[in-house]
Amino acid sequence: MSIEIANESGADVDEASIVAAARFALDKMEVSPLAELSVLLVTLEVMEDLHQRWMDLPGPTDVMAFPMDELDSSRRPDAPDASPALLGDIVLCPAFARDQAKTAGHSVLDELHLLTVHGVLHLLGYDHAEPAEEREMFGLQNRILGEFQSAIAALDARDAQRNADDRVLGIAGLDTPAPGETP
């Protein structure tokens with residue numbers, strides 16, 4: 001699965017983590033590994049322009065999704081016999097996300113993960129215009145985010161354990177290479 005990311009927002013963002021969130025969501029949705037996705041991070045001004053131009057709504061927004069291929073049952077990238085597909089573009093606005101994160105009481109990166117998953121679901125044809133659609137999409141979004149956060153926490157715990165093990169081995173003098181081994 002090819003995921004391109006471009007940060008034109010001027011914000012210092014963990015781009016690899018955003019790509020990981022997108023990849024995780026696409027994997028959970030069983031999207032073809034041949035699919036391609038683009039993520040673009042933009043300024044408030046650029047997002048405001050896109051929001052006005054494409055949605056005919058004033059002001060900036062947090063995330064917009066622009067599907068590339070028509071999503072019908074025979075061409076959906078998450079269909080059983082999927083062929084290569086350009087899913088489309090997800091556009092994120094870190095400055096807008098920062099304010100939302102503060103209101104929600106979590107980090108900007110957590111907000112960007114949420115918006116990335118939200119954008120992926122929109123590219124896959126999910127919407128939240130009607131109450132039933134909103135329940136389905138947000139339920140799926142929350143499940144994917146929860147599983148992503150659990151996976152990240154497990155990786156962090158594993159890394160912490162490895163670091164602790166390395167310290168103990170160092171204290172015990174077992175971290176030096178044996179004769180003939182390279183350090």
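Two strands count as paired if DSSP finds at least two bridges between them. The views below show a predicted model.

**View 1. The open sheet of four strands.**
The 4 strands are arranged in the order β1-β2-β4-β3, with mixed pairing. The edges are taken by β1 (2-7) and β3 (63-67); each has a single partner strand, so one side of each lacks a neighbour in the sheet. From one strand to the next, the twist averages 15 degrees.

**View 2. The antiparallel pair β3 and β4.**
Strands β3 and β4 run antiparallel and are joined by 5 bridges. In this pair, Pro67 stands opposite Gly88 of β4.

**View 3. The parallel pair β2 and β4.**
Strand β2 (residues 36-41) pairs with strand β4 (residues 86-92) in the parallel sense, over 6 bridges. Leu40 has Val91 of β4 as its bridge partner, and Leu41 stands opposite Leu92 in β4. Of the 7 residues of β4, 5 are buried, so this strand is largely enclosed by the rest of the structure.

**View 4. Helices α1 and α4 against the sheet.**
Helix α1 (residues 15-28) lies across β1, β2 and β4 and runs at about 145 degrees to β1. Helix α4 (residues 108-123) packs on the sheet, where it touches β2, β3 and β4. The direction of helix α4 makes about 145 degrees with that of β4.

**View 5. The annotated histidines and the largest pocket.**
In the unreviewed UniProt entry, the annotation "binding site" covers His118, His122 and His128. From this set, His118, His122 and His128 belong to the lining of the largest pocket.

His118 is found in helix α4. With a relative accessible area of 9%, His118 is buried, because buried means under 20%. Apart from neighbours within four places in sequence, the contacts of His118 are Val63, His128, Met137, Phe138 and Gln141.

**View 6. Surroundings of His122.**
His122 also has its place in helix α4. The relative accessible area of His122 is 21%, so this residue is partly exposed. Neighbours within four places in sequence aside, His122 is in contact with Ala65, Asp127, His128 and Met137. Among them, His128 and Met137 are also in contact with His118.

Notes
Residues numbered from 1 in each chain as written. Predicted model: local features only at pLDDT ≥ 70, side-chain atom pairs only at ≥ 80, totals over all residues. Heavy atoms only, no water. Helix = DSSP H or I, 4+ residues; strand = E, 2+ residues; numbered from the N terminus. Axes fitted to C-alpha atoms, helices over the stretch in contact; angles between N-to-C directions. Contact = heavy atoms within 4.5 Å. UniProt positions renumbered as here; feature names shortened; annotations may be inferred. 1 Å grid on protein atoms, 1.4 Å probe; cavity = no way out; pocket = protein on both sides within 12 Å on 5 of 7 lines; lining within 4 Å. Buried < 20%, exposed > 50% of the residue type's maximum accessible area, 1.4 Å probe, protein only.
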